[in-house]
Amino acid sequence: MSFFKRLKDKLVGNPVEEEKKVEESNEEEVAEQKEDEATEPAQTEATVEEAEKVEEVSVTESLIETEIPEEIDHEQLEQQEVQEVAIVEEPVEEKKPSAWSITQKFKAGLEKTRNSFTSKVNDLVARYRKVDEDFFEELEDLLLQADVGFETVMELMDKLRFEVQRKNIKDTNGIQTIISEKLVEIYEQGEEDLIELNMQPEGELTVILFVGVNGVGKTTTIGKLAHRLKSQGKTVVLAAGDTFRAGAIDQLQVWGDRVGCEVIKQSEGSDPAAVMYDAIRAAKNRKADVLICDTAGRLQNKVNLMNELEKVHRVISREIPNAPHEVLLALDATTGQNALVQAQTFKEATNVTGIVLTKLDGTAKGGIVLAIRNKLHIPVKFVGLGEKMDDLQPFDAERYVYGLFADGLDKELQNNED
């Protein structure tokens, strides 16, 4: 399937599937209507009998009321009104964000990278009317400046050269589409469901361990993920394992109160492994679905702190076999190549299963996503695209690449439709 086809399906949905849903709903309505017509005569007779009974009862009640007038209980009336309102006002289900709105989040979140990187690509395409070696060399420099990473850039250049030769492409018209397709291919590398969390079957506790250095937005990300899981109907418990940093426990408690999650904690300076032990016991007792564990921020070159993290990992594994089910590394996208170094070291110490890339909206070098995936083979599972509660989004390679090249791709998409 072409990049444009996949992109369009994600933006506006699949028309064939939508048509099937409409047909199914129409068939259900017709069946319900026939059932109503069949039961209508019986319901009418029952209604007449009920009406006669109600009339007799109301006459009797009116006689009683005239004989023994009662005092009006205002509190009882108010309670009755509240109950009636509660019955009438049925809970409105929270609307899920549309495919288009999610795509727009990626577009808005990658604005700084797009303004810096893509504007230069547009200038490059405008200056070069034909695709030659000089064009490839300048494109290579632009990708390196966007922190895409040396290995990823070299692989992309090889793929682009091969594609240009295979299709006998002479000019730069439509070259952004080819670049986009190849970037998605490099990220996905034939693997599927990279962004899905390893959630356990219903009735079993899923343990998610968060790691990362101080200042990357780890605690905030935990709060946003807890909110996301709660909105999916999960019962979430938080473990305040960052007992070293002053105020870290209070910060997590604030997020717990905000999203409505219980926080298991001990006093500042306590053993983080002991906190995890208590949190697992508490989560099991409360029959929680998910336990999200915060840990102390640490420099990746501090051996004693990394050993402490391994101890936390061992305690969790001892209490729940195969746990933690996810070890998510929070990285600050604005740190660029330094984030890549952090990811490498944490991967060696804790067997990181996924990356949460925070502050992607605050950097002009959003290409670090591709560098991490291609060099370390660790999937980016979530990205932070803003400060709002729902701005933590599951990573999507196609939406990400669209966010990078949105302006040029929008024009090409329009031209293809015309």
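Modeller: Before we start, a contact here means that heavy atoms lie within 4.5 Å. The model is predicted, so local features need pLDDT of at least 70 and side-chain atom pairs count only at pLDDT 80 or more, while totals for chains, interfaces and linings use all residues. Residues are numbered from 1 along each chain as its sequence is written, and side-chain values use heavy atoms, with hydrogens and water left out.

Biologist: What share of the contacts with a separation of 6 or more comes from residues 24 or more positions apart?

Modeller: Such residues account for 76% of those contacts in the chain.

Biologist: Why is the pair of Tyr 187 and Phe 395 called tilted?

Modeller: Rings of Phe, Tyr and Trp (its six-membered ring) pair if their centres lie within 6.5 Å, and planes under 30 degrees apart count as stacked, over 60 as edge-to-face and the rest as tilted. The centres of Tyr 187 and Phe 395 are 4.8 Å apart and their planes stand at 50°, so this pair is tilted. Tyr 187 belongs to helix α8 (residues 175–188), whereas Phe 395 sits in the loop between β8 (392–394) and α15 (397–417), 208 residues apart; helices (H or I, at least four residues) and strands (E, at least two) are DSSP runs, numbered from the N terminus.

Biologist: Why is the pair of Phe 395 and Tyr 400 called tilted?

Modeller: Their ring centres are 5.3 Å apart and their planes are at 55°, so that pair is tilted as well. Phe 395 and Tyr 400 are both buried, where buried means under 20% relative accessible area, exposed over 50% and partly exposed in between (1.4 Å probe, protein chains only). Tyr 187 is also buried.

Biologist: What makes Arg 373 lie over the face of Tyr 187?

Modeller: A charge sits over a ring if NZ of Lys or CZ of Arg is within 6 Å of the ring centre and within 35 degrees of the ring normal. Arg 373 lies over the face of Tyr 187, at 5.7 Å from the ring centre.

Biologist: Which residues touch the most other members of the largest nonpolar core?

Modeller: A nonpolar core is a set of buried Ala, Val, Leu, Ile, Met, Phe, Trp, Tyr and Cys residues joined through side-chain atoms within 4.5 Å. Of the 82 residues in the largest one, Leu 291 and Leu 357 touch the most other members. Helix α8 gives the most to this core, with seven residues. A second, separate core of 23 residues includes Leu 225, Leu 229, Val 356 and Leu 392.

Biologist: How many helices and strands does the chain have?

Modeller: The chain comes to 15 helices and eight strands, and buried residues make up 45% of its 418 residues.
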